[in-house]
Amino acid sequence: MTQPPSPEVRLFARDLPPSAWSFEESDAFSFALENRGLPGLAAPDAGAHWNWAADVHQRGRWVRRVGQGPLAGPVPLGGTREFAAHLGITLIGGDYELRYGLEPAGGNGAPLPGGGPRWSSEDAPLRVKNQILEAFVELINACNFRCTYCPQTTLQRKQRPMDFALATKVVRDLADMGHHHPIRVHLLGEPLLYPRFFDFVEMAHDMGQRVNLVTNGSRFSEKTIAGIFRTGVDEMRISLNSPEESLHDAERGTTLPYAEYIAGVRRMVAECARRGRPPLLEINVLYQSAQRGSPEDDARINRVANEWANVVREAVGLTPLADGEVDHLANVRRTEDVTLSWYTMIPLGQGIELQFTPYHSWGKGQSPAGHFCSYPWRQLAILVDGQATACCVDGEGEICLGDAKVQTVEEIWNGPVLNRIREAFWNQQRAVEAKCASCQIRHWELFQQYRTHELDPSV
């Protein structure tokens with residue numbers, strides 16, 4: 001007697017994009033699930049008992065799970081149903097195969113058994129592209145401050161603005177690559193000193209790009225504030241850094257009086273509160289890492305937070321907070337970044353946040369014997385003269401990846417110099433550039449995420 005065929009479920013992609021960006025969720029697509037004889041999948045509560053899952057493989061070996069979720073409903077026997085899905089592409093760029101599967105709810109993310117008698121999956125090719133998460137366009141490397149904690153005080157590069165034609169080319173190159181994160185208009189320097197700053201913002205917007213402005217806050221005249229809102233600067237970080245008068249006088253290296261400086265920053269913050277976003281606004285304050293969590297540090301955080309919370313409250317007509325009325329640390333968001341420093345973020349209002357950041361050494365220090373840095377997969381900076389570097393702390397441009405005047409940004413991003421840096425970090429956990437070899441920044445947690453033990457890309 002012929003045995004009846006085993007129940008089977010077949011899964012296959014629909015509308016899967018041919019490529020996806022690394023380190024972010026994919027665009028919505030769909031996959032189809034065909035029920036060839038699994039009664040439980042046709043039950044009304046099938047979604048409570050079955051999960052769909054998607055894994056990526058490379059060279060026939062499992063890499064990691066990139067998608068999983070409950071079914072949105074039952075699939076009738078003999079029928080096919082489509083489900084919407086997203087993938088979490090936390091992957092280094094490369095060519096992969098995407099496989100689907102079905103598993104009982106609560107699956108632990110182990111490799112799918114794809115191809116077994118109960119379900120099968122049609123592999124779909126998926127090209128993951130390394131993306132520039134942080135593109136820096138250094139419009140000007142001159143600054144009107146000489147802060148003690150900034151390499152501007154020792155800068156050897158000639159201080160000048162970027163040629164506007166070069167700036168336009170770089171933005172066009174980024175747009176042609178599909179870049180979609182805000183362009184950071186600095187590496188060193190004060191961007192609001194750039195003669196054509198607002199022309200740059202409008203040009204970038206015309207090309208579908210967004211702009212992130214980091215400023216020391218010294219240029220907030222009525223005309224500049226009006227320009228920021230007129231052109232719709234998308235994001236802004238005010239490097240307040242030294243909010244107390246004594247620190248301002250000791251650290252900022254400027255003749256601008258503290259009272260005049262702080263009045264301009266308050267004017268800008270108040271306007272952001274009144275008008276609403278854009279820009280998304282972050283006010284940054286520096287602190288000593290050794291003091292983190294001490295009673296003195298917590299008292300300072302609360303005092304500074306209260307001051308700036310009141311700037312926002314007064315701007316929108318709310319009653320100011322009395323000193324000590326609110327513990328701003330009660331619901332604080334503290335995150336540990338990959339350099340093992342702590343960031344403390346306190347919301348002040350809609351789209352306005354106060355961030356406490358530790359002083360850092362711009363990468364100077366002793367590099368460990370084993371070294372992994374994620375910046376070559378995440379950052380690219382174009383300096384004022386067109387030279388490209390791989391790192392936001394390379395203030396002198398010691399890492400030369402190419403020249404944006406004669407190469408496209410995409411050619412530099414996928415070029416031999418940067419790929420050599422990536423290969424050494426990935427396969428040997430070592431730095432091949434002198435700047436990297438003397439840098440103490442390392443990203444071991446990210447390395448463990450990227451390079452799972454199941455996959456050795458050197459094979």
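Okay, let's start with helix α3, residues 164-176: at 1.5 Å a residue, its 13 residues should span 18 Å, and the end C-alpha atoms are 18 Å apart, so the two agree. That expected span is 1.5 Å times one less than the number of residues. Helices here are DSSP runs of H or I with at least four residues, strands are E runs of at least two, and both are numbered from the N terminus.

Quick housekeeping: this is a predicted model, where local features need pLDDT of at least 70 and side-chain atom pairs count only at pLDDT 80 or more, while totals for chains, interfaces and linings use all residues. Residues are numbered from 1 along each chain as its sequence is written, and side-chain values use heavy atoms, with hydrogens and water left out.

Back to α3. Its buried residues (under 20% relative accessible area, 1.4 Å probe, protein chains only) are Phe164, Leu166, Ala167, Thr168, Val170, Val171, Asp173 and Leu174. What covers them? Among the elements doing that are β12 (134-137), α4 (197-206) and β20 (379-382). At the N-terminal end, Asp163 is the cap, with a side-chain oxygen 3.0 Å from the backbone nitrogen of Ala165. Just past the helix, Gly178 has a positive phi of about 85 degrees.

Now the aromatics. There are nine aromatic pairs in the structure; a pair means Phe, Tyr or Trp rings (for Trp, the six-membered one) with centres within 6.5 Å, and planes under 30 degrees apart are stacked, over 60 edge-to-face, the rest tilted. Take Phe31 and Trp52: the ring centres are 5.1 Å apart and the planes sit at 45 degrees, so this pair is tilted. It links distant parts of the chain, with Phe31 in strand β4 and Trp52 in strand β5, 21 residues apart.

Last stop, the cores. By nonpolar core I mean buried Ala, Val, Leu, Ile, Met, Phe, Trp, Tyr and Cys residues joined through side-chain atoms within 4.5 Å. The largest has 107 residues, and Phe197, Phe200 and Trp308 touch the most other members. Helix α7, residues 258-275, gives the most to this core, with nine residues. As for Phe197, leaving aside residues up to four places away in sequence, its contacts (heavy atoms within 4.5 Å) are Leu139, Val185, Pro191, Leu192, Leu213 and Val233. Apart from that core lies another, of 29 residues, including Leu41, Val56, Val75 and Leu126.

Key
Buried means under 20% relative accessible area, exposed over 50%, partly exposed in between (1.4 Å probe, protein chains only). A polar contact is a pair of N or O atoms within 3.5 Å; within protein, one must be able to donate a hydrogen and the other to accept it, and residues adjacent in sequence count only if both atoms are side-chain atoms.
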